[in-house]
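I opened this notebook to record what I looked up, entry by entry. Each entry takes up one part of the chain and the neighbours it meets.

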Amino acid sequence: MRTVLVLVSTLTLAVAAFVLWPRNPPVRSDECGAVDARPSTTGVAAAGQVTVCLLNRERTQRGLAPFKQNGLLSAASLEHSQDMVRRNYFEHTAPDGRDVRARLRAVGYSRGVSASTGENIAYGFAAQSTPAAIVKLWMHSPSHRADILRPAFREIGIGIATGAPELPPAKQSDSATYTTDFGGAVDPSLQNG
């Protein structure tokens, strides 16, 4: 009888632990905000602010000036993220041939013609869609890291869309597509100047 009671108690504790165990890990927050929160939970605007804060942290830790947010760059970034989700592609150049410079000119960003511009894109599902996960991904990619740390880039726009290209419909509601567009002074090290 005692063995059955111990077995039932152990089974009860195991079921209770399973039911009470959090399905989503706790969200880590710091001075940038909820860095591990999914845009599907916090909203894309909040996730965008956290992302810019994390990018600025990467810059300032290396002695670079933080990015200043620019509404025109953000408009171009958001349009590109939404377009990639809507038309199911993941490229810097849209299927109609528009690249970052064309998109920046279209929204009226005058520096898009005469100065350096750049763009980082990424998408993620579930825990890989958080601002911390996306910034980590970019910082571990040499070309994306170079854009983030390029001294000539002084302004940033961010656009996050719910959903992601290349993912099945069942994963769309818990995924996010990020675009950051950069602008700044002429940088002779860039071929497109």
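This is a predicted model: local features need pLDDT of at least 70, side-chain atom pairs count only at pLDDT 80 or more; totals for chains, interfaces and linings use all residues.

Asp96 is itself partly exposed, with a relative accessible area of 46%. Asp96 also has a salt bridge to Arg98, where the closest N and O atoms are 3.0 Å apart. Salt bridges that share partners join these residues into one network, whose members are Glu79, Asp83, Arg86, Arg87, Asp96 and Arg98.

I then followed Arg98 to Glu79, a salt bridge in which the closest N and O atoms are 3.3 Å apart. Arg98 lies in the loop between helix H4 (71–87) and helix H5 (100–106), whereas Glu79 lies in helix H4, so the pair ties together parts that are 19 residues apart in sequence. I checked the accessibility of both ends: Arg98 is partly exposed at 24%, and Glu79 is partly exposed at 26%. For the structure as a whole I noted twelve salt bridges.

Which residues does Val100 touch, not counting residues up to four places away in sequence? I listed His92, Thr117, Gly118, Glu119 and Asp181. Val100 has its place in helix H5, and at 13% relative accessibility Val100 counts as buried, because that value is under 20%. I also noted that the C-alpha atoms of Val100 and Phe182 are separated by 9.5 Å, although these residues are 82 residues apart along the chain.

Strand E4 (117–125) is mostly covered, with seven of its nine residues buried. I found E4 joined to E6 by nine bridges, and the two strands run antiparallel. Within this pairing, Phe125 has Ser175 in E6 as its bridge partner.

Most residues other than glycine have a negative phi, and I looked for departures from that. Ala126 has a positive phi of about 55° although it is not a glycine. Ala126 is placed in the loop between E4 and H7, and at 14% relative accessibility Ala126 counts as buried. Glu166 likewise is not a glycine and has a positive phi, of about 70°; Glu166 lies in the loop between strand E5 (153–162) and E6.

How many of the nine residues of H7 are buried? I counted seven for this helix, which spans residues 131–139 and is mostly covered. The buried residues are Pro131, Ala132, Ala133, Ile134, Val135, Trp138 and Met139. What covers them includes helix H3 (44–60), strand E4, helix H8 (142–149) and strand E6 (175–184).

I took up helix H3 as one of the elements covering H7. The axes of H3 and H7 come within 9 Å and cross at roughly 40°, and H3 passes H7 in a right-handed crossing. On the H3 side the residues that meet H7 are Ala47, Val50, Thr51, Leu54, Leu55 and Glu58, and on the H7 side they are Pro131, Ala132, Val135, Trp138 and Met139. By class, this contact of H3 with H7 has nine nonpolar, one polar and one charged residues.

Is Thr51 buried or exposed? At 0% relative accessibility, Thr51 counts as buried, since the limit for that class is under 20%. Thr51 has its place in helix H3, and I looked up its contacts, not counting residues up to four places away in sequence. Thr51 touches Pro131, Val135 and Trp138, and also Ile158, Ile160 and Tyr178. Pro131, Val135 and Trp138 are among the buried residues of H7.

How values were computed. Residues are numbered from 1 along each chain as its sequence is written. Side-chain values use heavy atoms; hydrogens and water are left out. Buried means under 20% relative accessible area, exposed over 50%, partly exposed in between (1.4 Å probe, protein chains only). Helices (H or I, at least four residues) and strands (E, at least two) are DSSP runs, numbered from the N terminus. Contact means heavy atoms within 4.5 Å. Two strands pair if DSSP finds at least two bridges between them. A salt bridge is a side-chain nitrogen of Lys or Arg within 4 Å of a carboxyl oxygen of Asp or Glu. Axes are lines fitted to C-alpha atoms, for helices over the stretch in contact, and angles run from 0 to 180 degrees between N-to-C directions. A crossing is left-handed if the near helix is turned anticlockwise from the far one by less than a right angle, and right-handed if clockwise. Ala, Val, Leu, Ile, Met, Phe, Trp, Tyr, Cys and Pro count as nonpolar, Asp, Glu, Lys and Arg as charged, and the others, Gly among them, as polar.
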